[in-house]
Amino acid sequence: MKKLVSLLILVVLFGMGFGDAAWAAGLTMKGSTTLLPIAQAAIESYAQLYPNTEFSLTGEGSGNGIKALIDGTCDIANSSRFIKLEEAKLAFEKGAYPVPFGVAIDAIVPIIHPKNPVNNLTLQQLKDIYSGKITNWEDVGGPDKRIAVINRDTSSGTYEVWEEKVMNGERITPRAQVMASNGAIVQAVSTNELAIGYIGIGYLNSSVKAITVENIEAKPETARTGEFPISRYLFMFTRGWPTGETMRFINFMLSDEGQRIVSETGFVSIR
């Protein structure tokens, strides 16, 4: 990673030698809602350095971001999961060669209402709750009340990582309420004492209660080492090896300043 960062810095510095006017351009970013806080904060800082750059940023889910990259309708696809094999094949067929840059580390944290006394769940218990085998909080140390399961939409990279690391291929109960973003899940859980959901660590706040998984707390140290069992990298994909403004922004994300922004938004830096 250090060699990659060094290479990116050299390329950017070489390009900057031709003057800022040569870099005046725009960047379109689409994809993961998990990455939105990071991207928004990074854009604000980046714009202070390069005020002539125009940005378009939308959160439509990781799958939609990668699709837009393949179709050539965005410069950077934000994704909270790695590209799928079928997506890579389609990209190659269309002459697009997605290049991944790991810009942050995340932990997908199960959350409940602060009044719920449950503090820890095992992976098996989470799987049983989300598959519908466990339907009452009493079965996992909570009140004798029905569990309200809240899930992400299928276009979400967060959903797909949850499906892989928690569900192991088992179907999620059709009774689960589907939300389109991390923020929507926080809102739903904060207003329902019987709800359970899952979000990226950067979305945690005092309105919800994070629970440990296998008695391991989600925090930077356990996410970075992979000790927390539902950890993942967050990616920015480019359409081929980045050049120009895209290269300069990726380089910014991998720089000390970019990684400071990652940490300040509540996520985990890659170093």
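Visitor: Into which domains is the protein chain divided here?
Guide: In this predicted model, the protein chain is divided into domain 1, made up of 29–43 + 57–105 + 232–265, and domain 2, which covers 106–230.

Visitor: And what separates the centres of domain 1 and domain 2?
Guide: Taken over C-alpha atoms, the centres of domain 1 and domain 2 are separated by 25 Å.

Visitor: How many residues are in contact between them, and how much area do they bury?
Guide: On the side of domain 1 there are 17 residues in contact with 17 residues of domain 2, and the two domains bury about 1200 Å² between them, with 46% of that area on carbon and sulfur atoms.

Visitor: Which three residues of domain 1 supply more of that area than any other three?
Guide: Those are Thr33, Ile105 and Arg232, which supply 51% of the area that domain 1 buries against domain 2.

Visitor: How many salt bridges does the rule find across the interface?
Guide: The rule finds three salt bridges across the interface of domain 1 and domain 2.

Visitor: Switching to a named salt bridge, what does glutamate 160 pair with?
Guide: Glutamate 160 forms a salt bridge with arginine 81, and the closest N and O atoms of the two are 2.9 Å apart.

Visitor: OK, rings now: how many aromatic pairs turn up in the whole structure?
Guide: A search of the whole structure finds 16 aromatic pairs. One of them joins tryptophan 162 and tyrosine 198, which are stacked at 4.1 Å centre to centre with 5° between the planes.

Visitor: Where do tryptophan 162 and tyrosine 198 lie?
Guide: Tryptophan 162 is in helix α6 (residues 157–167) whereas tyrosine 198 belongs to strand β8 (residues 195–200), so this pair ties together parts that are 36 residues apart in sequence.

Visitor: Are those two buried or exposed?
Guide: Tryptophan 162 and tyrosine 198 are both buried.

Visitor: What about tyrosine 233 and phenylalanine 235, stacked or tilted?
Guide: Tyrosine 233 and phenylalanine 235 form a tilted aromatic pair, 6.3 Å centre to centre and with 35° between the planes. Tyrosine 233 counts as partly exposed because its relative accessibility is 40%, while phenylalanine 235 counts as buried because its value is 13%.

Visitor: Which residues do ring pairs link into a cluster?
Guide: Ring pairs link Tyr46, Tyr50, Phe55, Phe249 and Phe252 into a cluster.

Visitor: And what sits over the ring of tyrosine 50?
Guide: That is the charged end of arginine 248, which sits over the ring of tyrosine 50 at 3.5 Å from its centre.

Technical notes
Residues are numbered from 1 along each chain as its sequence is written. This is a predicted model: local features need pLDDT of at least 70, side-chain atom pairs count only at pLDDT 80 or more; totals for chains, interfaces and linings use all residues. Side-chain values use heavy atoms; hydrogens and water are left out. Rings of Phe, Tyr and Trp (its six-membered ring) pair if their centres lie within 6.5 Å; planes under 30 degrees apart count as stacked, over 60 as edge-to-face and the rest as tilted. Helices (H or I, at least four residues) and strands (E, at least two) are DSSP runs, numbered from the N terminus. Buried means under 20% relative accessible area, exposed over 50%, partly exposed in between (1.4 Å probe, protein chains only). A charge sits over a ring if NZ of Lys or CZ of Arg is within 6 Å of the ring centre and within 35 degrees of the ring normal. Domain bounds come from an automatic or database domain assignment. Contact means heavy atoms within 4.5 Å. Buried area is the accessible area (1.4 Å probe) that two parts lose on being put together, summed over both. A salt bridge is a side-chain nitrogen of Lys or Arg within 4 Å of a carboxyl oxygen of Asp or Glu.
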